[in-house]
Amino acid sequence: MSHPRDQSNNLRVDRLVIVSNRLPIVLTKGDLGDWQVQPGSGGLVTALAPVLRDRGGLWIGWPGTVEEVDLDGLVAIGSQDAGYILKPVKLTAEEANQYYFGFSNEIIWPLFHDMQSRCNFDPAYWNMYQAVNCKFAQVIAQNTGMNDYIWVHDYHLTLVAKELRGMELECKIGFFLHIPFPPLDIFIKLPWRLQILRALLEYDLIGFQTTRDRNNFIHCVEALIKSIRYDTRRQVSTITVPNREIRVGVFPISIDFNEFARQAAAKSVAERASLLYEAIPNCQIILGVDRLDYSKGIPEKLQAFRNTLERFDDLQGKVTLVQIVVPSREDIPEYRELKTEIEGLVSEINGKFTQPGWIPIQYMFRNLERTELLAYYRAAEIALVTPLKDGMNLVAKEYCAAKVDTNGVLILSEFAGAATQLRRNSLLVNPYDIEGVANAIHRAYNMSRDERRSRMRRLRKSIQKRDIFWWVDSFLGQPLPIR
Ligand code: ADQ
């Protein structure tokens, strides 16, 4: 992999410092109270690990536990396994509660997904969010030098650059927002809108998933902060505020396509996929894979499936929806209520339509092993990815990568960031339009093999071309303004 930033005229960067809410390790407590460290998985770690190993660097974040435990020792083991240094930011239970569950997930998350009525604008959350961002900045300042490039990830850490500038750390700092950025009329509901916007302008480069998000951000800056100039004609635009420039760009995140395709093609996955086919005979499998979150539109999806069975009764006994829900944020009451709502709908639909030998919905609420997830991707003729709003949605890309036989249809929400890239060859739907989604399911079910294959081939080609390595390279390769 090349790193154009190293060859540019830019300041020579010595090391890359990744900062994210969570460190890429998983700490688990055994039955005897002993702690285990496992490496984290996921596209971001896969893509960044080689860069960190090659040019040296570190990853700073919260190890994910507030328990009294020898964090330094455990993290040191994690560093050894990873091949690069991990540095923990230690949080107390109260800090984790108010900064993470509170400000990040009860304010920014719902607001940035256009769901302001779900926000709990508690001022105590804001105070703790500032304090924890400051704590992150202190750990960064203690562990970095002038020539390091600091790359901060996501909505938990919007204030880090501002804190670092306050400590007179003048190195280059980039920021990538994994979730959407809302339009002005929603963003201005945030009581701390000016503080957050001004803090974001302390980064040198801000990356968004889509042009929509980038433009929303620029409109907010234009409306709320005076005397700025900008130009949105390019993939990366420049905002000029008094005395300095900030680059603001579009960098759609992706997956390690080749690795997904390779693993999906393995014999063990093919065998598992055949077992799934045999267990659901004479049916096309429609697959939903979502983290437990109201932004993912799971109840709406179940209603659309019910509508499909009601309006297209020839599909009864011919399609099975396999809905996998990954446990998430269950400490927040709204997430527990959502789980109850989903389970109620599943049992209502199954109660109404089940016939001897056919159950319309198979529902799973758990984490799956990679091989099992890939087997479901391979076995499903149709993927139903219908978030109400989503930064990108990697499940849509993973499904296509794993569909090595190309016999699959992707039904995709127009409000997922992934729709920008995949709109032409998926069936694009409005997830709020129950009948529209049902029509798309009917169309996907009846789509000819040739049409499925040619659409899926094009989807796969486009995802392979812009994979996670392309994403890392294009962010890190971006020339930064001189400070
Ligand atoms: P998420 O909201 O978590 O990410 P998404 O992009 O769909 O959403 O990623 C989910 C990940 O979880 C996928 O990699 C998937 O493989 C994995 N997963 C799903 N079901 C699983 C299961 N049952 N067992 C194990 N793993 C499972 C946020 C934003 C997104 C953005 C990403 C990356 O909300 O919009 O795409 O960050 O920027």
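How many disulfides does a search of the whole structure find? The search finds 0 disulfides, a disulfide being a pair of cysteine sulfur atoms within 2.5 Å. This is a predicted model, in which local features need pLDDT of at least 70 and side-chain atom pairs count only at pLDDT 80 or more, whereas totals for chains, interfaces and linings use all residues. Residues are numbered from 1 along each chain as its sequence is written, and side-chain values use heavy atoms, with hydrogens and water left out.

For C220, the closest cysteine sulfur belongs to C119 and lies 14 Å away, which is too far for a bond. C220 is itself buried, with a relative accessible area of 0%, where buried means under 20% relative accessible area, exposed means over 50%, and partly exposed lies in between (1.4 Å probe, protein chains only). C400 is likewise buried, at 0%.

Cavities and pockets are found on a 1 Å grid over the protein atoms alone: a cavity is a set of points where a 1.4 Å probe fits but cannot get out, a pocket is an open set with protein on both sides within 12 Å along at least five of seven lines, and lining residues have an atom within 4 Å of a point. Grid points are joined across faces, edges and corners, and a volume is the space filled by probe spheres set on the points.

The second largest pocket has a volume of about 230 Å³. It is lined by 16 residues, of which W62, G64, A96, F101 and D331 are the closest to its centre. Helix α4 (93-112) and strand β1 (16-22) each supply at least two lining residues, and α4 gives the most, with 5 residues; helices (H or I, at least four residues) and strands (E, at least two) are DSSP runs, numbered from the N terminus. The lining draws at least three residues from each of domain 1 (5-254 + 469-476) and domain 2 (257-465), with domain bounds taken from an automatic or database domain assignment.

There is 1 cavity of 30 Å³ or more, and about 40 Å³ of space lies in the largest cavity. Its lining consists of L287, G288, V289, Y377, A383, L384, V385, V395 and Y399, and β12 (284-291), β15 (382-385) and α15 (394-402) each contribute at least two of the lining residues. The linings divide by class as tabulated here, where Ala, Val, Leu, Ile, Met, Phe, Trp, Tyr, Cys and Pro count as nonpolar, Asp, Glu, Lys and Arg as charged, and the others, Gly among them, as polar.

| Lining | Residues by class |
|---|---|
| Second largest pocket | 8 nonpolar, 4 polar and 4 charged residues |
| Largest cavity | 8 nonpolar, 1 polar and no charged residues |

**Individual residues**

Helix α18 (residues 449-465) holds R455, which counts as buried at 12% relative accessibility. The side chain of R455 reaches the backbone oxygen of N425 at 3.4 Å, a polar contact being a pair of N or O atoms within 3.5 Å of which, within protein, one must be able to donate a hydrogen and the other to accept it, while residues adjacent in sequence count only if both atoms are side-chain atoms. D450 is also found in helix α18, but D450 is exposed, with a relative accessible area of 64%.

E168 is not a glycine, yet has a positive phi of about 60°; E168 sits in the loop between α6 (160-166) and β7 (172-176) and is exposed at 68%. N282, again not a glycine, has a positive phi of about 60°, lies in the loop between α11 (267-279) and β12, and is exposed at 71%.
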